[in-house]
Amino acid sequence: MDNNTAIKVENVYKDFVLPHEKRTSVKSAVTGLFKKRNKGSELQHALQDISFEIKKGEFFGIVGRNGSGKSTMLKILAGIYQPTKGKVAVQGKLVPFIELGVGFNPELTGRENVFLNGALLGFSKKQVSDMYDEIVQFAELERFMDQKLKNYSSGMQVRLAFSLAVRAEADILLVDEVLAVGDADFQRKCFDYFRKLKRNNKTVVFVSHDMSAVREYCDRAIFIEKSELILEGSANKIATAYTKIFTPKDESNEGKEGGRWGDGGMRQTKVTITPKVCKQEDQELTLRIDYEANTDVHNPVFGLLIKNATGAHILGTNTKIKLMDTGSYKKGDKGSLEWRMPNIFNDGEYFITVAISHEDAVTQHDWIEDAVRFRVYREDRTAFVVNPFIDAKLTK
């Protein structure tokens with residue numbers, strides 16, 4: 001394993017024995033040892049031949065449906081499980097954020113639990129005392145530290161556990177949906193912390209069902225399905241593939257450029273971009289989407305994604321991010337949506353993917369890859385992704 005690699009997984013298998021016989025006595029437990037396995041139990045293949053590498057400083061995603069094996073993979077990386085076959089090599093100190101607050105005692109106060117868990121993490125009493133104020137401030141629990149932990153909500157417990165765990169100096173962090181119960185502001189604070197780690201060349205391995213988080217934070221990801229690694233690539237590639245498994249493909253668009261898929265609950269009947277050719281830096285772009293409801297739909301999410309000619313993601317947004325209430329639709333209802341944006345783009349060609357999803361922003365009604373394209377001409381071209389108008393004034 002070279003010096004730029006944080007984790008290397010080679011041909012990993014993990015099996016569990018699932019017993020089917022109920023043993024209620026010592027005698028049944030002893031006699032059960034001599035019975036054939038296939039009569040009283042079965043072998044579950046949780047992971048089969050998994051191989052991948054994670055580079056230092058990467059924010060790496062692991063996605064998959066419930067029961068696919070992704071959390072088992074994370075626990076193997078953490079050393080909680082040992083693989084049945086295969087090898088896992090890790091370079092650097094690793095801290096798992098898998099089950100935060102496992103060592104908490106509900107009968108102790110928040111303050112007492114900080115010192116207890118600090119000791120479990122290897123800190124001295126003085127070290128915990130020195131960083132106590134920072135821990136409490138980050139968790140935003142100043143008023144509650146002298147209350148017993150059993151009176152905390154689950155979100156408060158996770159905030160306290162997370163705030164303490166991040167004090168451990170680590171090169172690699174393993175995160176398994178631990179922030180799902182935190183509010184939006186706390187999640188934002190946590191991800192800001194992860195970005196800081198990334199700038200410092202730390203590595204984060206992130207398991208999530210939230211594809212918007214995967215797209216936003218991950219550099220690369222893998223997709224585990226039925227215990228096997230079926231896809232590896234960019235975060236958007238993996239997030240799109242994961243989302244597709246929950247909605248049937250639109251057969252009427254099979255083979256068309258870009259691709260189109262979704263359950264058809266709503267359809268985008270026309271997509272236009274104006275202007276198609278931009279030659280002025282102060283020119284505004286307007287993306288118009290005409291749509292029709294094929295079923296009754298409540299609060300659908302409209303989204304867009306803009307890529308350049310190399311496939312790099314330039315920007316994206318949706319009505320959920322914009323906190324827009326899109327309302328309810330009956331079958332046959334029609335409407336339109338306009339997105340307006342300044343021409344911040346560099347010289348080149350751009351492609352826009354548009355989508356309408358269920359209000360959960362996961363199940364797709366209608367996804368059209370590269371639905372329209374536009375061209376930007378700029379004399380002041382730069383080597384960067386975007387090129388907004390920037391005024392400069394020099395005074396001598």
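**Entry 1: α5 and α6**

I looked up helix α5 (residues 125-139) and helix α6 (residues 154-165), and found that they pack at an angle of about 140°, with their axes 8 Å apart. I am working with a predicted model, where local features need pLDDT of at least 70 and side-chain atom pairs count only at pLDDT 80 or more, while totals for chains, interfaces and linings use all residues. Residues are numbered from 1 along each chain as its sequence is written, and side-chain values use heavy atoms, with hydrogens and water left out.

I noted how the elements are set: helices (H or I, at least four residues) and strands (E, at least two) are DSSP runs, numbered from the N terminus. Axes are lines fitted to C-alpha atoms, for helices over the stretch in contact, and angles run from 0 to 180 degrees between N-to-C directions.

What do I call the arrangement of α5 and α6? The two helices are oblique to each other. I checked the cut-offs: under 35 degrees is roughly parallel, over 145 roughly antiparallel, 65 to 115 roughly perpendicular, and the rest oblique.

The crossing of α5 and α6 is right-handed.

From α5 come Glu134, Ile135, Phe138 and Ala139. From α6 come Arg159, Leu160, Phe162, Ser163 and Leu164. By class, I get 6 nonpolar, 1 polar and 2 charged residues for this contact. Here Ala, Val, Leu, Ile, Met, Phe, Trp, Tyr, Cys and Pro count as nonpolar, Asp, Glu, Lys and Arg as charged, and the others, Gly among them, as polar.

**Entry 2: α4 and α5**

Next I took helix α4 (residues 110-120) against α5. Their axes come within 10 Å and cross at roughly 130°. That makes α4 oblique to α5. This crossing is right-handed.

On the α4 side I found Arg111, Val114, Phe115 and Gly118. They meet Lys125, Val128, Ser129, Tyr132 and Ile135 in α5. The contact of α4 with α5 has 5 nonpolar, 2 polar and 2 charged residues.

I then picked out Phe115, which is found in α4. Is Phe115 buried or partly exposed? At 25% relative accessibility, Phe115 counts as partly exposed. The scale is: buried under 20% relative accessible area, exposed over 50%, partly exposed in between (1.4 Å probe, protein chains only). Leaving aside neighbours within four places in sequence, Phe115 is in contact with Lys125, Val128, Ser129 and Tyr132. I also checked Lys126: its C-alpha atom and that of Phe115 are separated by 9.7 Å, and the two residues are 11 apart along the chain.

**Entry 3: the cores**

I looked for nonpolar cores (sets of buried Ala, Val, Leu, Ile, Met, Phe, Trp, Tyr and Cys residues joined through side-chain atoms within 4.5 Å). The largest has 49 residues. Those with the most contacts inside it are Phe59, Phe97, Val114, Met145, Leu160, Phe162 and Phe194. The largest share of this core, 7 residues, comes from α5. A second, separate core has 27 residues, including Ile273, Cys278, Phe302 and Trp339.

**Entry 4: two buried residues**

I found Cys218 in the loop between α8 (211-217) and β8 (220-225). Cys218 is buried, with a relative accessible area of 8%. Not counting residues up to four places away in sequence, Cys218 touches Phe59, Phe60, Gly61, Phe206, Ala213 and Ala235. The C-alpha atoms of Cys218 and Phe206 are separated by 8.0 Å.

His365 sits in strand β20 (residues 364-376). At 7% relative accessibility, His365 counts as buried. Among the residues that His365 touches are Trp261, Met266, Val297 and His358.

**Entry 5: backbone details**

Where is the cis peptide bond that I noted? It joins Thr274 and Pro275, with omega about -10°. Pro275 is in the loop between β11 (266-274) and β12 (277-278).

Ser227 is not a glycine, but its phi is positive, near 75°. Ser227 lies in the loop between β8 and β9 (228-234). Ser227 is buried, at 8%. Asp370 also has a positive phi, of about 50°. Asp370 is in β20. At 29% relative accessibility, Asp370 counts as partly exposed.

**Entry 6: the whole chain**

I ended with totals. The protein chain has 9 helices and 20 strands. Buried residues make up 44% of its 396 residues. Among contacts between residues at least 6 apart in sequence, 69% join residues at least 24 apart.

Terms used
Left-handed = near helix turned anticlockwise from the far one by under 90°. Contact = heavy atoms within 4.5 Å.
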